[in-house]
Amino acid sequence: MLRVLLSACAVLFVSVVTAAACPTFAKSGTYLSFTGDQLYSPQSYSTMATGGAMLSSCGISGAGSVSASPQYTLNLSGMQGYDLEIQVNSSCDATLLVNSANGIWYFDDDSNGNLDPMLRMSGSDALNGQVDVWVGTLGSNCSATIEFETWTASTAAPSNSGNCPTIGLTGPSYDLNGPQLYSPTNFSASAYGSGEISGCGLPGHGWFTPAPQFSFNLSQMQGYRLELQVNASCDTVMLVNTADGTWLFDDDSNGNLDPLINVYGPSALNGRVDVWLGTYNGQSCPANLELETWTN
């Protein structure tokens with residue numbers, strides 16, 4: 001009888017866990033309305049970094065968990081010529097998920113330092129309209145402060161407009177699938193950059209080239225997550241644009257000043273995934289990129 005009760009409790013627990021709803025911009029958070037001029041003076045708010053559904057099970061690239069409803073729904077106007085910077089300070093390992101006005105997902109984990117996230121976004125099509133913001137976690141919930149601030153393009157990136165990474169360019173292309181990558185596959189490259197990405201509207205920091213080092217055409221990725229890790233002889237950074245258009249950045253998660261990124265969900269993995277290998281300070285060095293799939 002005890003075993004039956006324990007089994008019933010286990011089923012109930014699994015049902016509760018799997019019932020967590022994925023983040024959706026069909027729901028709204030605290031409604032805030034600003035122009036680009038107004039946000040030129042930073043606006044800060046107290047909030048909570050809260051979990052819920054795991055992004056890995058929602059088809060959204062990123063790590064940790066977020067609530068179904070965003071913490072904030074921004075109605076932005078007059079954003080031409082501005083970048084929007086969103087940064088979080090918290091007492092736990094917080095994350096930041098944003099759905100832009102043109103429907104693109106952005107995710108960041110630690111770009112603000114101290115395990116806190118920061119995103120910098122640009123482009124009037126991404127910023128004029130509804131921008132939804134989630135503050136999630138990689139562990140426990142905690143109190144947090146979020147700050148919204150605009151920067152003029154000339155202030156953010158005076159000489160970088162032609163050096164931003166772009167999905168309009170491709171690198172050397174490779175056709176791979178989930179079962180093949182279950183055995184780790186390595187690629188040699190040079191980590192370097194022609195421009196600093198501040199002001200490019202992308203997560204992270206460091207120097208990158210406009211074209212990616214690699215363009216991977218992936219298939220049969222259902223049931224897998226993809227791990228990309230770099231080993232290099234200098235301080236490298238990695239930027240990834242997934243098949244569903246999400247930008248991911250990492251600096252040091254692989255240790256020894258090298259990056260590591262995990263990508264989850266078939267919508268993020270089935271299709272073209274572009275990878276940039278840059279450096280933190282503009283130098284260049286040989287690097288090795290390893291791709292490996294893991295079952296979810």
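Buried, as used in these legends, means under 20% relative accessible area. The views come from a predicted model.

**View 1. Glu 85 and Arg 120 pair up in a salt bridge.**
Here the closest N and O atoms are 3.5 Å apart. Glu 85 belongs to strand 6 (residues 82–90) and Arg 120 to strand 9 (residues 118–122), so this contact ties together parts that are 35 residues apart in sequence. Both Glu 85 and Arg 120 are buried. The model has three salt bridges in total, and the next two views show the others.

**View 2. Arg 225 meets Glu 227.**
Their side chains form a salt bridge with an N to O distance of 3.8 Å.

**View 3. Arg 272 meets Asp 274.**
In this salt bridge, N and O lie 2.7 Å apart. Arg 272 is partly exposed, at 31% relative accessibility, whereas Asp 274 is buried, with a relative accessible area of 2%.

**View 4. The largest pocket has a volume of about 380 Å³.**
Its lining counts 19 residues, and nearest the centre lie Asp 109, Phe 249, Asp 250, Ser 253 and Leu 260. Strand 8 (105–108), strand 19 (247–250) and strand 20 (260–264) each give two or more residues to this lining; strand 20 provides the largest share, four residues. By type, the lining has eight nonpolar, five polar and six charged residues.

**View 5. The second largest pocket has a volume of about 270 Å³.**
Of its 18 lining residues, Ile 104, Tyr 106, Cys 200, Leu 202 and Trp 247 are closest to the centre. This lining divides into nine nonpolar, eight polar and one charged residue.

Key
Residues are numbered from 1 along each chain as its sequence is written. This is a predicted model: local features need pLDDT of at least 70, side-chain atom pairs count only at pLDDT 80 or more; totals for chains, interfaces and linings use all residues. Side-chain values use heavy atoms; hydrogens and water are left out. A salt bridge is a side-chain nitrogen of Lys or Arg within 4 Å of a carboxyl oxygen of Asp or Glu. Buried means under 20% relative accessible area, exposed over 50%, partly exposed in between (1.4 Å probe, protein chains only). On a 1 Å grid over the protein atoms alone, a cavity is a set of points where a 1.4 Å probe fits but cannot get out, and a pocket is an open set with protein on both sides within 12 Å along at least five of seven lines; lining residues have an atom within 4 Å of a point. Grid points are joined across faces, edges and corners, and a volume is the space filled by probe spheres set on the points. Ala, Val, Leu, Ile, Met, Phe, Trp, Tyr, Cys and Pro count as nonpolar, Asp, Glu, Lys and Arg as charged, and the others, Gly among them, as polar.
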